[in-house]
Structure formats: structure tokens, C-alpha cells
Amino acid sequence: MAQLIADRKDVDFVLHEQMQVTELAKNEKFAEFNKKTVDMVVTEARNLAVKAILPTQKESDEVGCSLEKDGTVKVPESFHQVNALYNEGEWLGMIDEPDYGGQGMPKTLSLAAEEYFIGANPAFMLYHGLSHGAANLIKTFGTEAQKNAYLPKIYSGKWSGTMLLTEAEAGSDVGALQTTATPNGDGTYSISGTKIFISGGEQNMVENIAHPVLARIEGAPAGTRGISLFLVPKYRVNDDGSLGEFNDVVCTGIEEKMGLHGNATCTLTLGGRGNCVGTLLGQENKGMRAMFLMMNEARQLVGLQGFATATASYIYAVNYARQRIQGKHLTAGKAADASSVPIIQHPDVRRQLLTMKAYVEGMRSLIYYGGLTHDLEGLAQSDEEKEKYADRTAILTPIIKGYITDRALEVTSHGIQVYGGYGYIQEYPMEQLMRDCRIFQIYEGTNGIQAMDLLGRKLGMKKGQPFMDYLGEMEKTIAEAGKISVLGDVTRRVENAVNRLSEVAVSLAKASVSDNILNAYAYAHPFLDVTGDVTFAWMHLWRAVLAARKLEKLTGEADMAKFMEKAGKNKDAAFYVGSLKTAEFFATNILPATMGKLDAIADVNGAAVEMPDASFGG
């Protein structure tokens, strides 16, 4: 039976063999999440995704959302039934405390479930991803009254949440926002302003919408230092938790986007009639610090969205390539009686599929690893250990968001190419996946901003020690791989890449705080790119170490020829040989280009910043 959305075998491999997720069950917090429970969660998520969510994907794109005359937004009709099933399964609060309706599972496990959900329909799941981020803000910074009023309703799916940052004149420069908050003398504030590009800002699947809103209290300092965060509901919430009057949050338009048509991207006017009221969420003038909690969660979510569309594209492409009969085998020559073969047998199609596989499996391993660092931070027994995992998550975030979404678009483009002309037409799913995927490079800070974050903040954080520790984790895997003869060439190539990245990181960090700062930041995105390449090389080497050891057990020998022979007879062996060959492909086809990019970065050439504005033409 062909897989849909994701390769379950690889999901299980990363969860159980690479991340060893059931080891977390040794801690009381996750005691109930043994292997049986973990597998059951993934199976139930897959069933819901394939049987209920995936059938909404085409309608989501073709019907989209509509803005009604009364300012309400209608989502595709099919969303309502699947939304009820999603809420019935209590999937939104997978990693959250049972006190407010959560399931308390490891984040590592929740990511496997979300991979299936988002891969089935990213537009539908975007409503829920932002709801969780809003709930996390309330849980972290809210008063007890705010938590009790909002969290159970959001986790149950009765209410949803958003994030209101962007304004037309501010864009990515959040400090230039113009939305104001005026104290009313009773602990509430009158909110006035307009926010744009608000995903899920208005929709008809829920009773109420909780909007965390960035605004400036009158007289507050300019820039980001004077921004506060407010909780602004669509309908006011009475003391007993019931809904009160409409809170003057009006949707004045929805964007006609390139993709993700099933998710309403709204312009919201707050206080157009002077009747919008919000309550402070956290402390005055500390809004940006608080919002970064949601933004960082959202950045990791966007990386997951990119990955989920990429893995769906890859699975479709593999299935199609196995079924599509076209052309004779290259070795058949001019033999008149030669039969046509599935296109998966053509070398160039195999190259594209293996490129897709290498990126998708690297994405899965990295994203689940990010979940594991989150879980280990929560289980840390000392401040030092907690800080170590928090720093690791901080370094991973721009890579997960930036590098993965860049590669995801590349994967979906390959997916169209594998289908040929059929991939370009709407009858097949490939072109929609690529259109849906494109926005992820822009969401939550463009990938250029992610690159600047990696270079300007994460690389030099604590004098560079966390980044060096990150490379140190790669070196541990390299040392393990060095003991396995069949991985010799791959290990050498990965080691060279890690060493070169370390050298270039030091030189670029120095340039970024020198008179050469503009040249250095012109290479911020290339640096993100090579850091992602080397990270994926590490992930593949890690996977290959595990695969080689399993193959040694299956064959009783440490010989690639024996591994290949076994792969023709045994599905497990075939899977593990796939991991070895994917690591080999990445090391021999992608890392050489990475090494060239590293040399270019080290030069810190100034052409991009020295070019006169007028010389760009136009």
C-alpha cells in the first residue's frame, strides 16, 4: 500500500531510533508515553489526516474564504466537519498541561502528528497553529483570570487565537507601529489601529477569537522599547466566562493570495467606532519581549509547515514515478521489442527523487531534534542543563524556519518536474503544494531576517559558545561514524564541512562587528544556507550510523555489498540501505557545493553593497 503525506517508516525511525522518544517516558512527566502509546498517537493522527483532512485540500484551494457583507468570513464548508473531529481528538493541546485541557505529551511526538495534519491541508491547520501560539502567550504572561477565561476555550477549539503585529506602514519594522492603547482607568485600555496580513483574523468555525495585539500606550518610548501587548477578543468576555458584546474588531478585507486560499488573511480595524477594549498581557512596554515567545514558536511552526508540504510533494512524486510508464530503459538502446518502464527507472528522475528524499528526511530529523531539545529543556534538572537546551533551541530556530522553508520550495518544484506537464496543472496536487509553500519563506520574519538573526544574535551569543557547542554535537556523531568502515568517505566529507563551517563562522562573526559590517551581512543568508547544509549533513550521518549498525545485525557483516544483497530480500534492510545511500548522495552531491559557498563567504566580497543604487537599472 502506497504511503500518503509522509513515509511512516521514516517517521518511526526518527522517533524511535534517532530521537529515542520513549526514553522520555522514564521521567514521570511523560511516563504514560511508552512505545505503544507513541505509535497509537501517530496512527490516529495519520488516520485523521488521510481520511478527513486531506479530502478538504482541493476545496480549500478552489473555494477558499469569502468576506460577507456583515464583516464575517466564511471558510470552506468542508472545514466545519473536520474541525469538529480535530477538536474532538483534543489535538490542539497535545503538549500542554491537562489543567487547561492539554494532553501533556512530548513535543517530539506532537511534531509527528502535526506533520501529518499540516501535510494534509496547511491552510486548515494554520488556524490551529496560531491558536496554540496565542494560548501559549496567555499561559505564560496572562493573569489567572485571563488563563481561566481563555485557555480551556482555546484548547477545546471553541475559540481560536491569532497574532496582530503587522501594519501597513511598519512591515517588518514592528517598532514603527501606530496602533495605540489608551488607559480607561479601570485596568482596561481602548485600542485603536489597523493590522494587516492577519492569518485567521476572522473566521466562522469558532464562537470567539482571542487577538494578542501589539500597541503603544500614549506617552510610551518610541521604537520597540515602548510597545505593550494586549489581549483583545472579538467578543468581550464576561466575568462568568460567557460572551459579551461585540468588541469593535472589524475585518475590512481579506487578501487574494497565491496559495493557502483556505486560510483567511485579514485586514482588521480595531476601535473604528471607538469601542474596542483590551487588557494588558504581561507588563507595560514589555510587549516585544513577550511576543517573541509566540514568534519563536511560530517560526518553528513555519519550518514545520514548509517541511509538511515538502514531504507531501515527495510522497506524491515517488508514487507517481512508480506508476507512470514512459520511455524505454536507458540501457535498452534501440531494441524494438523493449518495453516502456516506470519513470522511476530513469537516472534524472532518480536524481530528483533522491534530492527530494535527502531534503525531506533531513527536515524531519532536524525538526524532531528541535522538539527533543524543547522536551529536554523542560526535563532539565539544573539551571545549567536548562540553559544548554534553551540555547540549542535558539540556534536551531532560524535554521528550522529559514533553511527548511527555502529547501521546501525547492522540493515542491522538483515534485512538479517529476510529474512533467501534469505537475503544472490543477488536476494534480503538485502545483498547489508549491503555491501554498511559497509564503513560508516570508512568514514570521523573512528568511533574510532569519539569516540576520543567526549571524547577528545566535552566532555571537555568549561569546559564541552555544554555536561551538552545536558544532561539538556534530563532532560526536563524526567520531561514532569513524568507527564504521562503510561510512568512511561520507564521514570524511562531513568532517571537512563541519571544520570549514567553524572557521568561516569565526571569520564572519569578526567581520560583522568590524568596519566591514555591511559586506558581512550581505553574506548572512549564504551563511544560513551553508549552516543548514552542514546541519543536514550531520543529520544524515547520524541516521547512517544507526542504519549501518542495524544492517550489520541483519547481515552479520560490515560490508556494503552484503547490505545491498540483503536489501533486495528484506524491507527493513532496504530502508536502512536507503539511509546509507541518501547520506552518501548528500555528502557527494550537495556538500561539495557547500564547500564552495563557504569559500565565497570567507572572502566577504563587497560587490553587493558597493554597487551604486542607480546601477541596478530600472
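**Questions on the predicted model**

Analyst: At 43% relative accessibility, Gln-20 counts as partly exposed. The model is a predicted one.

User: Which residues touch the most other members of the largest nonpolar core?

Analyst: In general, nonpolar side chains of soluble globular proteins tend to be buried together. The largest nonpolar core here has 196 residues. Its largest share, 19 residues, comes from helix 8 (residues 287-323). The residues that touch the most other members are Phe-117 and Phe-527.

User: Which residues does Phe-117 touch, not counting residues up to four places away in sequence?

Analyst: Contact means heavy atoms within 4.5 Å. With residues up to four places away in sequence left out, Phe-117 touches Ala-45, Leu-48, Ala-49, Ile-53, Tyr-86, Trp-91 and Met-125.

User: Which residues form a nonpolar patch on the surface?

Analyst: One member, Tyr-422, sits in the loop between helix 10 (383-419) and helix 11 (430-438). At 39% relative accessibility, Tyr-422 counts as partly exposed. Together the patch has about 350 Å² of accessible area, and its members are Tyr-422, Tyr-424 and Ile-425.

User: How many bridges pair strand 5 with strand 12?

Analyst: Strand 5 (residues 188-199) and strand 12 (residues 277-280) run in the antiparallel sense. Within this pairing, Tyr-189 stands opposite Gly-278 in strand 12. The number of bridges between strand 5 and strand 12 is three.

User: What is the bridge partner of Phe-230 in strand 12?

Analyst: Strand 12 also pairs with strand 7 (residues 227-233), in the antiparallel sense and over two bridges. The partner of Phe-230 in strand 12 is Leu-280.

User: Is Ser-199 buried or exposed?

Analyst: Ser-199 lies in strand 5. Beyond its neighbours within four places in sequence, Ser-199 has contacts that include Leu-126, Thr-162, Asn-263 and Tyr-443. Its relative accessibility is 10%, and therefore Ser-199 counts as buried.

User: How far apart in space are Tyr-470 and Asp-391, C-alpha to C-alpha?

Analyst: Tyr-470 lies in helix 13 (residues 465-481), and at 0% relative accessibility it counts as buried. Its contacts beyond four places in sequence include Arg-392, Ile-395 and Trp-538. Tyr-470 and Asp-391 are 79 residues apart in sequence, and their C-alpha separation is 9.3 Å.

User: What separates the C-alpha atoms of Leu-551 and Asn-204?

Analyst: Leu-551 is in helix 16 (residues 524-555) and counts as buried, at 0% relative accessibility. Among the residues it touches beyond four places in sequence are Phe-563, Tyr-576 and Leu-580. Leu-551 and Asn-204 are 347 residues apart along the chain, and their C-alpha atoms are separated by 53 Å.

User: Why does the salt bridge of Glu-115 and Arg-364 tie together parts that are apart in sequence?

Analyst: The side chains of Glu-115 and Arg-364 meet in a salt bridge at 2.5 Å, N to O. Glu-115 lies in helix 5 (residues 107-120) and Arg-364 in helix 9 (residues 347-379), so the pair ties together parts whose separation in sequence is 249 residues.

How values were computed
Residues are numbered from 1 along each chain as its sequence is written. This is a predicted model: local features need pLDDT of at least 70, side-chain atom pairs count only at pLDDT 80 or more; totals for chains, interfaces and linings use all residues. Side-chain values use heavy atoms; hydrogens and water are left out. A nonpolar core is a set of buried Ala, Val, Leu, Ile, Met, Phe, Trp, Tyr and Cys residues joined through side-chain atoms within 4.5 Å. Buried means under 20% relative accessible area, exposed over 50%, partly exposed in between (1.4 Å probe, protein chains only). Helices (H or I, at least four residues) and strands (E, at least two) are DSSP runs, numbered from the N terminus. Patches are made of residues with over 30% relative accessible area and no salt bridge: like charges are joined within 9 Å, nonpolar side chains (Val, Leu, Ile, Met, Phe, Trp, Tyr) within 5 Å. Accessible areas come from the Shrake-Rupley method with a 1.4 Å probe; for residues, only the protein chains shown count as cover. A salt bridge is a side-chain nitrogen of Lys or Arg within 4 Å of a carboxyl oxygen of Asp or Glu. Two strands pair if DSSP finds at least two bridges between them.
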